[in-house]
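Hi,

Here is the structure I promised to send over. Have a look at it first, and then read on for my notes.

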Amino acid sequence: MSLFPCIIAECACYPVYQTYTKADRKKFHTAPVGQAFRLRPFHVLVATGGGYAGYRKYEDYKLEQLEKKGIELPVKLASEWEVALYKSVPTRLLSRAWGRLNQVELPTWLRKPVYSLYIWTFGVNMKEAAVEDLHHYRNLSEFFRRKLKPQARPVCCLHSVISPSDGKILNFGQVKNCEVEQVKGVTYSLESFLGPRISTEDLHFREASPGNSFQQQLVTKEGNELYHCVIYLAPGDYHCFHSPTDWKVSHRRHFPGSLMSVNPGVARWIKELFCHNERVVLTGDWKHGFFSLTAVGATNVGSIRIYFDQDLHTNSPFYSKGSYNDFSFVSNNNKEGIPMRKGEHLGEFNLGSTIVLIFEAPKDFKFHLKAGQKIRFGEALGSL
């Protein structure tokens, strides 16, 4: 919220073109200044939080430079007050404003300079775009959601799980002790991330018992393990995401929440970052049992769209902290849920964010990845 409308509104209460006594003139000159520039808690909170977020961005930049030189620094997690301060920044409001700005149609003469600056800043490869002519995109939203040429992302047929998007591999491996790594050395709770156990009518969970952990309840077949993979989409990446395998989507759980940045520097700094942020969890099953794909929102990425889910609305102005909304795709008329083929279009972000895969597979499942590597949609993640 800008301070200037408040100043104008308050100053408008004082007439200017009237005759005043000396005492009145003194009042006229002193009163509006004190009232107009009175600091309000909201403005202080935004200024402080915004300044601290800027400082963190600078720290992240320094970390990236050290990483490029091969220098690995110890993990330094944010304290509770630092997280609270960061969350005080109105990122949801800013993201909605950014979304509206993206919808504004640009004059034809302005499109090429604006998009060219973005392309240069984030290293976008427009030769892969289905439409390379920048004048074709009426607004930023259309440019962000540009489609690719059919041959630009061949889908790997030899491996059972492919990358659902372009991005950077932050972490992957087996889930251990109900904890998942968002980056090396920084974890989050599996149950906090996915939410409470879903009804066995929607998913074939193992029957709950006092000795079974949440992780064990997700594994439906004897001898299987639970695996995870985290993919970060940068602003310059292709913003659509696809089905990573052949599976059936039975359930959607939407968590409203914060929209903090999810870049690797922040993921290394804030524990359980993905549990704080707004996210959409799709769960179902594939040939080896439980399978889930979660689209995590981020700053300026309040809009998460799932193509087959018209009832999903993200980044609403009001929500209850800690709440979530469930929706089942299984019904009397549809016992199987939503079937998805490997490589099929699944959804999109408005800018860039994070995809988290959590799934069960036999113990001989192997990832074909390296932490930190760049990957493109359609390339192999792993196989048996």
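The count of salt bridges comes to 14. Keep in mind that this is a predicted model, and that goes for everything below.

One of the salt bridges joins the side chains of glutamate 278 and arginine 92, at 2.7 Å from N to O. The two partners come from distant parts of the chain, 186 residues apart: glutamate 278 sits in the loop between helix H11 (273–276) and strand E8 (279–286), arginine 92 in helix H5. Both glutamate 278 and arginine 92 are buried.

Another pairs arginine 153 with glutamate 128, with 3.0 Å between the closest N and O atoms. Arginine 153 is in the loop between H7 and strand E1 (161–162), and glutamate 128 is in the loop between helix H6 (108–122) and H7, so this bridge ties together parts 25 residues apart in sequence. Arginine 153 counts as buried at 7% relative accessibility, and glutamate 128 does too, at 16%. These two also belong to a network of salt bridges that links Glu128, Arg153, Asp166 and Arg376.

Then there is glutamate 336 with lysine 248, whose closest N and O atoms are 2.7 Å apart. Glutamate 336 lies in the loop between strand E11 (325–328) and strand E12 (338–340) and lysine 248 in strand E7, so the pair connects parts 88 residues apart in sequence. Here glutamate 336 is partly exposed, at 47% relative accessible area, and lysine 248 is partly exposed as well, at 32%.

Back to H5, the helix that carries arginine 92. H5 covers residues 91–103, and its 13 residues reach 18 Å from first C-alpha to last, close to the 18 Å expected. Which of its residues are buried? They are Thr91, Arg92, Ser95, Arg96, Gly99 and Asn102. Looking down the axis of H5, these buried residues fall within an arc of 140 degrees, so they line one face of the helix. What they pack against is helix H7 (140–144).

Two serines are worth a look as well. Serine 353 is in the loop between strand E13 (345–349) and strand E14 (354–362), and it is buried at 0% relative accessibility. An unreviewed UniProt entry places the feature "modified residue: Pyruvic acid (Ser)" at Ser353. Serine 243, in the loop between strand E6 (240–242) and strand E7 (247–255), is also buried at 0% relative accessibility. Apart from neighbours within four places in sequence, serine 243 contacts Ile162, Met340, Arg341, Lys342, Gly343, Glu344 and Leu346.

Cheers

Notes:
Residues are numbered from 1 along each chain as its sequence is written. This is a predicted model: local features need pLDDT of at least 70, side-chain atom pairs count only at pLDDT 80 or more; totals for chains, interfaces and linings use all residues. Side-chain values use heavy atoms; hydrogens and water are left out. UniProt positions are given in the numbering used here, feature names are shortened, and annotations may be inferred rather than shown by experiment. Helices (H or I, at least four residues) and strands (E, at least two) are DSSP runs, numbered from the N terminus. Buried means under 20% relative accessible area, exposed over 50%, partly exposed in between (1.4 Å probe, protein chains only). The expected span of a helix is 1.5 Å times one less than its number of residues. The arc is that of the directions from the helix axis to the C-beta atoms. Contact means heavy atoms within 4.5 Å. A salt bridge is a side-chain nitrogen of Lys or Arg within 4 Å of a carboxyl oxygen of Asp or Glu.
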